[in-house]
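The questions below concern the pockets, strand pairing and local backbone features of one protein model. Please consult the sequence and the coordinates alongside each answer.

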Amino acid sequence: LGTGGGIIGNMANGEIINCNSTMDVNATAGGGGGIAGIANRSTVSNSTYSGTVGTEGSGFFNGGIVGFIGQDVDVINVSSSGLVQSNQGAGGIVGSLSNGSIIQNSTSSAIVNANTRAGGLVGTIQSSAIDSSFFSGIAEVTNSDAGGIVGYIAGNNLTSITNVENFGDVTGIDRIGGIVGWQFGLADISYARNSGNITGEGSLIGGIIGYFSGSSNNGFRKLVNEGDLQGSGVIGGIFGGFDNNIDLILIDSVFSSGSVETNSIAGGLIGNATGVRLTNSSSTASISTEGIAGGLLGSVSNSEVEICFFNGIVESTSSFTGGIAAISDESNISNSFARGFANGFSGGIVGEANETIIFQTYSTMEMEPPFENNIIFQGNNNEIINSYFSIIAITGENPGGSRYLFIEDMTYPYENDVYTGWDFNNIWRHDFTGEINDGLPYFRSAGDEGFFYVLIGVNRVAWGEASGEGYFDEGGEVTLTAEANEGYRFLYWEDTDGMIISEDENYQFSMPAENVILTAVFDEATPIREIEGMVFKIYPNPVTDQLYIHADQTIQDVRLYNSTGQLIHHFSVNNNTVSINTSEIPVGTYLLSIQSDDHWINESIQVIR
C-alpha cells in the first residue's frame with residue numbers, strides 16, 4: 001500500500017538496464033512505477049513496461065517506468081504502454097521528474113489518467129530535461145493540467161524540453177496542451193510538434209502549451225501544431241493563454257495548421273497574449289468561435305508582432321475578427337501580412353485596435369459583406385504606417401498611413417510607389433514568378449538561395465518584354481533577355497540614373513554585392529535613317545528625359561525647333577554620339593535637324609512625361 005515498482009520499490013545510486021515488466025503496480029501512498037517506484041542518483045535504461053500502474057483517482061506520482069524521481073536520474077531509451085492512473089501526477093514514463101534528471105530517447109503509448117497533472121511522458125517536472133522523446137497514447141484528466149508530453153511544469157530552476165512530439169489525444173477541462181498543460185515554472189521549450197487532437201471542456205487550450213504563466217530564459221522556438229483544438233474558453237493553436245508582465249518573452253518560428261473551435265477567445269497561434277515578442281511565425285488554421293478570433297492572436301496587449309503571416313479562415317458569429325489579431329492594445333505589429341477569409345466585425349490586420357502601431361503590413365483578406373477589407377475595423381489612438389490593403393471597389397475613407405489598391409496593383413510587378421521603404425534585402429522577397437505567394441511579397445528564410453536581386457522593367461509594355469529577374473548570389477552569372485514586339489525594336493538597358501548599361505539584347509554580367517534594377521528600353525522601329533550611305537539612330541522617341549543621337553560618321557551640328565519653327569536649342573559637336581537633356585523641355589512635338597559632313601537629316605520627335 002506504499003511505494004511500489006515492478007522491478008524495484010525504492011532505488012538510490014543504482015542502475016537498471018535491459019529490464020522488462022508486465023506486473024500491475026498499485027502504490028496508494030504515492031510513487032508507483034512500472035520499473036521503479038522511487039529513484040535517486042540512478043540510471044534506468046533500455047527497459048520496457050506494459051502493465052497497469054495505480055488505480056483510478058487515487059495515489060500520487062505514478063509513472064509507466066518510474067513513479068517519483070527525486071534528483072539526478074537518467075532515464076534513457078525506455079518505453080511504456082498499458083495504463084497509468086493516479087489522483088495527481090501521472091506520467092506515461094515518470095510521474096514526477098525533478099532536480100537535474102533527464103528523459104532521453106524514450107517513448108510511451110500508454111493511457112495516462114489523473115484528476116490533475118497528467119502527461120504522456122511526465123505528470124509534473126521541475127529543474128529537469130526531456131529530449132528526443134515522443135508520446136502516442138491518450139492523456140486525460142478529469143479536471144485540469146494535461147499535456148501530450150508534460151502535465152505541469154514547476155520550479156524556479158530551468159527545465160528544458162526539446163525535440164519532442166505528441167501523436168496522441170489529450171483531453172480534460174482547463175489548461176490542456178499538446179505538449180504541456182500548464183507551464184508555471186521556468187522552462188525553455190523548442191523543437192516540439194503536436195499532431196494529436198486537443199480537447200478541453202473549459203479554457204486555456206493550446207496546441208503546444210495550454211497556459212503559460214511562468215518564465216523562460218531563451219523563449220520558445222520551432223513549435224508546430226498540426227492537431228485540431230476544441231474548447232469552450234480561451235484557445236490558441238500554439239498557446240491557449242500567455243500571461244507575462246515582465247520583459248517580452250520571445251516566441252520564434254512557430255506554426256499552426258489545425259482547426260480551432262471555441263465559444264470564446266481564439267487565435268491561430270495564441271488565444272490571449274500579454275508580454276510576447278512573436279516573430280517569424282504563421283498560421284493557416286481554420287478558426288471558428290462565437291467570440292473574438294484572430295488569425296494569429298485572439299487578444300494581444302503590451303506585445304510585439306513582426307515577420308508573421310496568416311493565410312486561413314477566421315469566423316465569428318457575433319464579435320471582432322482580424323487577420324492578425326482580433327483585439328490589440330498597446331502593441332506593435334510590423335512587417336506582417338494577412339490573407340484568407342474573415343467574417344464578423346473584421347479588420348484586415350486588427351479588428352479593434354487601441355494605442356497600436358501598425359507598420360509595413362498588408363492585407364488581402366476577403367471579407368463577408370457588408371464588410372470590406374481594411375487595416376483596422378475600429379479603434380482609438382492608433383498609428384498606421386506604410387501599409388496596404390486590397391479592395392474590390394473603391395468605397396469609404398482611406399485610414400491615415402494605409403493605402404487601398406486593387407489586388408493586381410499589389411502583386412509583382414508593382415509600381416515604384418508601392419511597398420516604398422520595405423526591406424527587400426533582409427526581410428521581404430519579391431515573388432517574381434507568382435508561384436510562391438501569388439505575386440505578393442513574402443518573407444526571406446534561412447534556406448533562400450541568393451541574397452541580392454535583379455529587378456527589370458520595360459519603358460513601355462506594348463513595345464516589348466524582358467526576362468531574367470530573380471535572386472542571385474554575389475558573383476553568380478545573370479542573363480537578361482529583351483525581345484521587341486512587332487513594329488518596335490530594342491535599344492538598350494538603362495539603370496535608375498538613366499545611364500545606358502548595355503545595348504545587347506542578351507545581356508550577361510556577374511552579380512555584384514548589391515541589388516540591380518534595370519529597364520529594357522524599346523522604341524518604334526523607324527528611328528534609323530539612312531541618307532547616301534550614312535546611318536543615323538535617334539532614340540528614344542517619344543522621349544521623356546534624355547534623347548540620344550548616334551551616327552556612323554561624325555556629327556557637326558544639331559538643332560531643335562518647336563512646332564512654330566522657333567530654334568530652342570543649338571549644339572555644335574564633333575562626335576558620333578550626342579545626348580540632349582529634354583527633362584525641362586515642355587511636352588510637345590519638335591523638329592530635330594542633324595548635320596554630318598554636308599548632309600542634313602530632319603526628324604520629328606515627341607517629348608512626353
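Predicted model: local features only at pLDDT ≥ 70, side-chain atom pairs only at ≥ 80, totals over all residues.

Residues are numbered from 1 along each chain as its sequence is written, and side-chain values use heavy atoms, with hydrogens and water left out.

Q: What volume does the largest pocket have?
A: A pocket is an open set of points on a 1 Å grid over the protein atoms alone, where a 1.4 Å probe fits, with protein on both sides within 12 Å along at least five of seven lines; lining residues have an atom within 4 Å of a point. Grid points are joined across faces, edges and corners, and the volume is the space filled by probe spheres set on the points. For the largest pocket this gives about 1600 Å³.

Q: Which element supplies the largest share of the lining of the largest pocket?
A: The lining comprises 46 residues, and N416, G457, V458, I517 and T519 lie nearest the centre of the pocket. Elements here are DSSP runs numbered from the N terminus, namely helices (H or I, at least four residues) and strands (E, at least two). Those that each supply at least two lining residues are α1 (407-410), β57 (452-458), β58 (464-467), β61 (488-495), β64 (516-524) and β67 (546-561). The largest share, five residues, comes from β57.

Q: How many residues in the lining of the largest pocket are charged?
A: Asp, Glu, Lys and Arg count as charged; Ala, Val, Leu, Ile, Met, Phe, Trp, Tyr, Cys and Pro count as nonpolar; the others, Gly among them, count as polar. The lining holds 24 nonpolar and twelve polar residues, and the number of charged residues is ten.

Q: Which elements give two or more residues to the lining of the second largest pocket?
A: The second largest pocket has a volume of about 350 Å³. Of its 16 lining residues, S253, N280, S281, R444 and S445 are the closest to the centre. The elements in question are β31 (220-225), β35 (249-256), β39 (276-283) and β43 (304-316).

Q: Which residue of β63 stands opposite T479?
A: Strand β60 (residues 477-484) runs antiparallel to β58, with four bridges between them, and G464 stands opposite A484 there. β60 also pairs with strand β63 (residues 506-510) in the antiparallel sense, over five bridges. In β63, the residue opposite T479 is Q508.

Q: Which residue of β14 stands opposite F60?
A: Strand β5 (residues 32-33) and strand β10 (residues 60-63) pair in the parallel sense over two bridges, and G32 has N62 as its bridge partner. β10 pairs in the parallel sense with strand β14 (residues 83-91) as well, over three bridges. There the residue opposite F60 is Q88.

Q: Why does T321 count as buried?
A: T321 belongs to strand β44 (residues 320-322). Its side chain makes a polar contact with the side chain of S346 at 3.0 Å, a polar contact being a pair of N or O atoms within 3.5 Å, where within protein one must be able to donate a hydrogen and the other to accept it, and residues adjacent in sequence count only if both atoms are side-chain atoms. Buried means under 20% relative accessible area, exposed over 50%, partly exposed in between (1.4 Å probe, protein chains only). T321 counts as buried because its relative accessible area is 0%.

Q: What is the value of phi for L204?
A: L204 is located in the loop between β28 (198-200) and β29 (205-206), and it counts as buried. Its phi is positive, in a residue other than glycine, with a value near 65°.

Note on methods:
Pairing = 2+ DSSP bridges.
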